[in-house]
Amino acid sequence: MSQQPPRRHGTRKPYRRPKKDPVRILAFEALRAVDERDAYANLVLPPLLRKAREAGDFDTRDAALATELVYGSLRRQGTYDAILARCVDRPLREVDPPVLDVLTLGAHQLLGTRIPPHAAVSATVELARVVLGDGRAKFVNAVLRKVTAHDLDDWLERVAPEYDEDPEEHLGIVHAHPRWVVSALWDALGGGRAGIEELLAADNERPEVTLVARPGRSTAEELLAAAGEDGAVPGRWSPYAVRLAEGGEPGALDAVREGRAGVQDEGSQLVALALAAAPLDGPDRTWLDGCAGPGGKAALLAALAAQRGAALLASEKQPHRARLVARALDGNPGPYAVIAADGTRPAWRPGAFDRVLVDVPCTGLGALRRRPEARWRRRPEDLDGFAPLQRELLRQALAAVRVGGVVGYATCSPHPAETRAVVEDVLKGRGGPAVEAEWIDARPLMSGVPELGDGPDVQLWPHRHGTDAMYLALLRRTG
């Protein structure tokens, strides 16, 4: 009988070069940019996708998966952190950020998509080998195998406190919002558990792409026809709005490429339309957008003004954003001008305008659907940082409008400290001179839109209106 050769103990397996997965590598690069540079995913991701398409690495399905991995990982980051903390043998703050990004991508594939668990783990470990090295890939593999022990519902039962014990922490972990944001949104919304859960869930849904047909330059009917029967549907509230079907590409439409239409949330459209529809005493010749960047509302206002023979001045403090405004207004048929100027130090004389809009800088808590990373980046103290600027911009807007003219104060935040509190402080002279102005009921100026509150100001909501959580107060200067 022949004798088998002795085994060579300790023989290593031959080295296998890791497989490069362009989709997951791109998703990882996007997450690193968000973390390292405080970038926004909606600004980082499009050029990465465009480059991948031009290189021939991506098709439509690849782009869709990369987008889901990035946005899903960012939206659910807090939930995944709570779960990963149970699967890692040290505090998450001690895990290197690139490793944590890979783990989060893996957790999202396991718990937030239909990718089979074995495929999700295998693909993420391969990604780790490419971007982190073999040693840390083993760590990623070990952690993700612990994650596979339960589905998302089971994990939430383990990591979230009972609702009755700590409602805000429970909702924060289950719906992936920081506790302070849950508290702030709940205060603004009012009501019981059902409403806040609907709002938090809406923040985690992928927002539709909404177009605006700029009056006098395009129509909703043109956009609907260009997109095709299955490609778009009319907006819910704005006569100029068109909602693209999932995967619809705005840049494929001639009107968008030519600047006759643009991408604009329907809530943003409603704010501009309400200001334009507010009744005036006297002439209606000069309009001001005092915080015009990046230009969506300014372009809609300019088109509306042109139809009435009025002129728009669009002012934006940051020069690069002023250039975006100029691009958005390019081709408008009526008179307009774009300047780079600070709205708290006006470049115009007092009482020069008939209508003024100030969509002030804010925390952006009303647009968490579009900027999911903002919920983890913002802090409660940011409210104090914005407060003086918001009040001064409103004061100067009221100074810029003539007696009998109208000012619209808008924010993409429902937080009470950024909305009604600002308006009341300015009207009552808290922190500055009192201003003679009266509220205008904005609700009738959003005809057909339900659940606008008790007035006279208006708060829109993602779960009620399908828009960003835009706030609008309309004021008429009386003296």
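Helices here are DSSP runs (H or I) of at least four residues, numbered from the N terminus. All views show a predicted model.

**View 1. Leu393 in helix α18.** Leu393 belongs to helix α18, which covers residues 381–400. The cut-off for buried is under 20% relative accessible area; with 5% relative accessibility, Leu393 counts as buried. Leaving out residues up to four places away in sequence, Leu393 touches Cys291, Gly343, Thr344, Val358, Val360 and Pro361. The C-alpha atom of Leu393 is separated by 43 Å from that of Ala107, a residue 286 places away along the chain.

**View 2. Helix α5, residues 97–112.** At 1.5 Å a residue, the 16 residues of α5 should span 22 Å, and the distance of 21 Å between its end C-alpha atoms agrees with this. Of these 16 residues, 13 are buried, so the helix is largely enclosed by the rest of the structure.

View 3. Three bridges link β1 (residues 210–213) and β4 in the antiparallel sense, and Ala213 has Ala261 of β4 as its bridge partner.

**View 4. Strand β5 with its partners β6 and β8.** Strands β5 (residues 286–289) and β6 (residues 311–316) run parallel and are joined by four bridges. Together with helix α15 (residues 296–307), β5 and β6 make a right-handed β-α-β unit. Strand β5 also pairs with β8 (residues 353–359), in the parallel sense and over three bridges. Leu288 stands opposite Leu313 in β6, and in β8 the bridge partner of Leu288 is Val356.

View 5. An "active site" annotation in an unreviewed UniProt entry covers Cys412. The residue is placed in the loop between β9 (401–411) and α19 (420–427). Its relative accessible area is 14%, so Cys412 is buried. Neighbours within four places in sequence aside, Cys412 is in contact with Asp359, Cys362, Gly364, Leu365, Gly366 and Ala367, and also with Asp468, Ala469 and Met470.

**View 6. Two cis peptide bonds.** Pro294 lies in the loop between β5 and α15. Another cis bond runs from Gly455 to Pro456, with omega near -5 degrees. Pro456 sits in the loop between β10 (437–440) and β11 (458–459).

**View 7. Non-glycine residues with positive phi.** Asp38 is not a glycine, yet has a positive phi of about 55 degrees. This residue is found in the loop between α1 (22–37) and α2 (41–54). Glu451, also not a glycine, has a positive phi of about 50 degrees. The loop between β10 and β11 holds Glu451.

Key. Residues numbered from 1 in each chain as written. Predicted model: local features only at pLDDT ≥ 70, side-chain atom pairs only at ≥ 80, totals over all residues. Heavy atoms only, no water. UniProt positions renumbered as here; feature names shortened; annotations may be inferred. Buried < 20%, exposed > 50% of the residue type's maximum accessible area, 1.4 Å probe, protein only. Contact = heavy atoms within 4.5 Å. Expected span 1.5 Å × (residues − 1). Pairing = 2+ DSSP bridges. Right-handed = clockwise from strand over helix to strand, strands pointing away.
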